[in-house]
Structure formats: C-alpha cells, structure tokens
Amino acid sequence: MDFLYDMEAINWTFLRDNISSFLDTYDYNQEDADEYERLYAAGLYINNYYLWIIFGFGFSGNIASTVTLSRMKPMTTSKFYVALLAIIDNLAIFQKLLYHQLTYHEVVIGNHGCRVMNFLYLCLVTYSNWILVFMAIERFMAVTFPLRISVIWNLNRARLSMIILGIVITAIYSHTFWTTLSHDGIQCGIAEEYGFFYRRIWYWINASLYSFIPSVILIVCNLLITLRVRKSGQRRSRLYSETELERGTHLNRYERQITIMLLTVAVVFLVLTLPRTVFILMDSSWTPGRLSLNYARKLLLDQLTFFLCDATHAVNFYLYFITGQKFRQSFLGIAFGRSRNSSVAFNHSRVQMTHNGTGESSLNAGSLTCKACVQMKVANETIMMHSRYK
C-alpha cells in the first residue's frame, strides 16, 4: 500500500491466498512456521483494518475542526493553517482508504489509475506535513515579534504561502505521471527503466521531503519557541510591576493557548512519525529473504509504523480539544447548541478624557493599573489644583 516503496511492496492479497503453500515448500520447522504465520496474520490484520480505525476517528474529527474554526471569528493565520490542515488530512485519509479498498478487492485501475493515485497520495501527505512546518514557523515569529506579526505574517501572506507550497509540491511529484505504472492492472509500481533512480536517488529525496526535513525544522522551531517564551517571561517579570504582569497575562492568554496547542500537535507528529523515519533508514540495508522469519517481522513492523504515521492525520482534533480552551468551548457550544462568543474577550483598559462645564478635565482610568497611567492621573489632578488656586 506504500507508494514510496512499491518496487518492494507487499502484495497482501497474493500472500493471503498462497501463504500455506509457501510454508509447505519451505524448509521450516513447526515452531518457526507457527511464528511466521502469527507474524503474518498480525501484519495482515493491521493492513486490512487500521485505515478504517483512522477513518472512523479522524474523518469526523477533522470535519469538527473545520466547522468549529469557521465559527471562531476573526479568522487568523493560525486558524487558517489549522483549518487547511484538517481539510488536507481528510483528503489524505480518504485517498489512502480508497486505494486500499481498490487493491483489496482487486479492482483493475490500470496505469492511469496508478499514476493518479500515486500523485495524489504523495502530494497530500507531503503537503500536510509542510503545513505543520509553516504553523511552527508562524508561531516562532509570533513569539519573537509579537507587535509586528500581524504585518510580517498576515492572513493574505499565509494564503499565498500555501498556494506557492502547493505549486512546488505538485511540480516535484509530477514525475509520477510517467514513472508510475501498473504491472498487473491492480498493484502499482515504478517503470523498470526508472528502477535505479527510484531506489538509489528518489527514495532519499522523497523521504527527506516527506519526513526528514519537516521533522528537523519542527524540532528546531519547537526548541526556539520554548526558549523564547521562557526568556520573554523572565524579561517581563523584571521590567513590569505585578499589576502590569497580571494585565499582560490576561491579554496574552489566547496567544499562549494557540502556541501550546500547535506545539502539542508538532510534538505528537514527531513522536508518531519517528518509528516510520527509523524504518525508512533501516529499510535499504535490512533485506531478509522473503520467507525468513526476519522478513515476517519486517512486514509486521512495516504495518505498525504505517499505522502510527497515518494516525497523524486523525489525532489533531483531539489534541486541539484537550489543549485549546477556546477551541473546546466553541466546539461544545456548537455541539450542544449553546450560543457562545468564539472571539476572545479581553478587558482592554481605556483612558477617557472628558471636559465638564467649568472646563476642567477629568480622568476615567477604568481598570487601568499600570504605573504610567497612575502618574497621568496624579499629574492631571495637580493641573486641576493649580487651575483652581490661580
């Protein structure tokens, strides 16, 4: 089912129908034969059903994320990336399940079907991973330049970045329309003349674009964001009074929630894709015989790492719900029909200067507690006193 390695892919349908005859003709002792069958059965079971589990949890969750975010006004760059990620994840889940069912039921799709399926698979999963990268970079810019982020990385630029990313990924994977074919009308693979390039060169380019580079960028961004948040917190505690810190904490609570939510998504992505990354690194050097026990173990590990890796398309809604208070409130409000204001309500302090009938100025500080505002109030009262006793 993995297009990345289809030259070495497992034809599960063929194995399912011929495993008994294979074991009968191979020189296995009974204990090894039993272990081989157990490993094979476990791998086959995961291959047959894991995408249905991901579809069950992920497809509905991604729809819920999209609907919830559409109700949370105003639309920001972070919300735009999260909503787009949910849409792309659902498309990736649907495409994977569709191809799985076509091959499982031995539907003839031919060369054109293989090329379209291969192209869509590679584009969607790579695009999904790179959306996470852009989310992490945007969060780093937000905590580094909090006063300029709305100019540096506004919604229009976020949309433009995703359009450019889509064009680049489409161009990179366009080669599948002439390198991919179907050997039997059902299973997809690579044309023989491109075999060396695919195994020795494209294999690593593809793995880097899909996993290695996004993972490295996410690790670096997460570390920098964590350090930046800690340093900014220490700096605020030195520069501002206790009342100012309390007000700043209230004003920045929503931004912190977004940062924590997206950091959690990035960390979970790294944890779930790490086993697949290690498997990719080992795959080219780990080449056991097709009927050895190590080969059966490799089949099982292949499916387990796929399960974890593909789960990245299904878990994000649940991470948002757990870590994002405002997202959780908005979703529950929609789910239970309660009217909730999805925009963030902050008690902005305002200084209102008015003039009474005598021409005197009065100051209404409201919830104003910062040192500068207290000084303004004292200065204003001093001016009023001088004007009375002239």
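So, how many helices and strands are there in the protein? There are 14 helices and 4 strands. Before I go on, keep in mind that this is a predicted model.

Let me give you the overall picture. The protein has 390 residues, and 47% of them are buried. If you take the contacts with a separation of 6 or more, 76% come from residues 24 or more positions apart.

Okay, on to the core. The largest nonpolar core has 76 residues. The ones with the most contacts inside it are Tyr81, Tyr127, Ile131, Met135, Met162, Tyr173 and Leu218. Which elements give two or more residues to this core? Those are helix H2 (30–71), H3, H4, helix H6 (155–172), helix H8 (195–239), helix H10 (253–283), helix H11 (293–310) and helix H12 (316–323). H4 gives the most, with 18 residues.

Leaving out its neighbours within four places in sequence, Tyr127 touches Leu84, Ile88, Met162, Leu165, Gly166 and Ile169.

Now, two helix pairs. Let's start with H3, residues 77–104, and H4, residues 110–144. Their axes come within 9 Å and cross at roughly 155°. Angles over 145 degrees count as roughly antiparallel, so H3 is roughly antiparallel to H4. Is that crossing left-handed or right-handed? The crossing of H3 and H4 is left-handed. As for what's in the contact between H3 and H4, the residues split into 20 nonpolar, 4 polar and 4 charged.

The other pair is H12 and helix H13, with H13 covering residues 325–335. Here the axes come within 5 Å, and the crossing is roughly 105°. That angle makes H12 roughly perpendicular to H13. Which residues make the contact? From H12 you've got Phe317, Tyr320, Phe321, Ile322 and Thr323. On the H13 side, they are Gln325, Phe327, Arg328, Phe331 and Leu332. By type, the H12 and H13 contact divides into 7 nonpolar, 2 polar and 1 charged.

Methods:
Residues are numbered from 1 along each chain as its sequence is written. This is a predicted model: local features need pLDDT of at least 70, side-chain atom pairs count only at pLDDT 80 or more; totals for chains, interfaces and linings use all residues. Side-chain values use heavy atoms; hydrogens and water are left out. Axes are lines fitted to C-alpha atoms, for helices over the stretch in contact, and angles run from 0 to 180 degrees between N-to-C directions. Angles under 35 degrees count as roughly parallel, over 145 as roughly antiparallel, 65 to 115 as roughly perpendicular and the rest as oblique. A crossing is left-handed if the near helix is turned anticlockwise from the far one by less than a right angle, and right-handed if clockwise. Ala, Val, Leu, Ile, Met, Phe, Trp, Tyr, Cys and Pro count as nonpolar, Asp, Glu, Lys and Arg as charged, and the others, Gly among them, as polar. A nonpolar core is a set of buried Ala, Val, Leu, Ile, Met, Phe, Trp, Tyr and Cys residues joined through side-chain atoms within 4.5 Å. Buried means under 20% relative accessible area, exposed over 50%, partly exposed in between (1.4 Å probe, protein chains only). Contact means heavy atoms within 4.5 Å.
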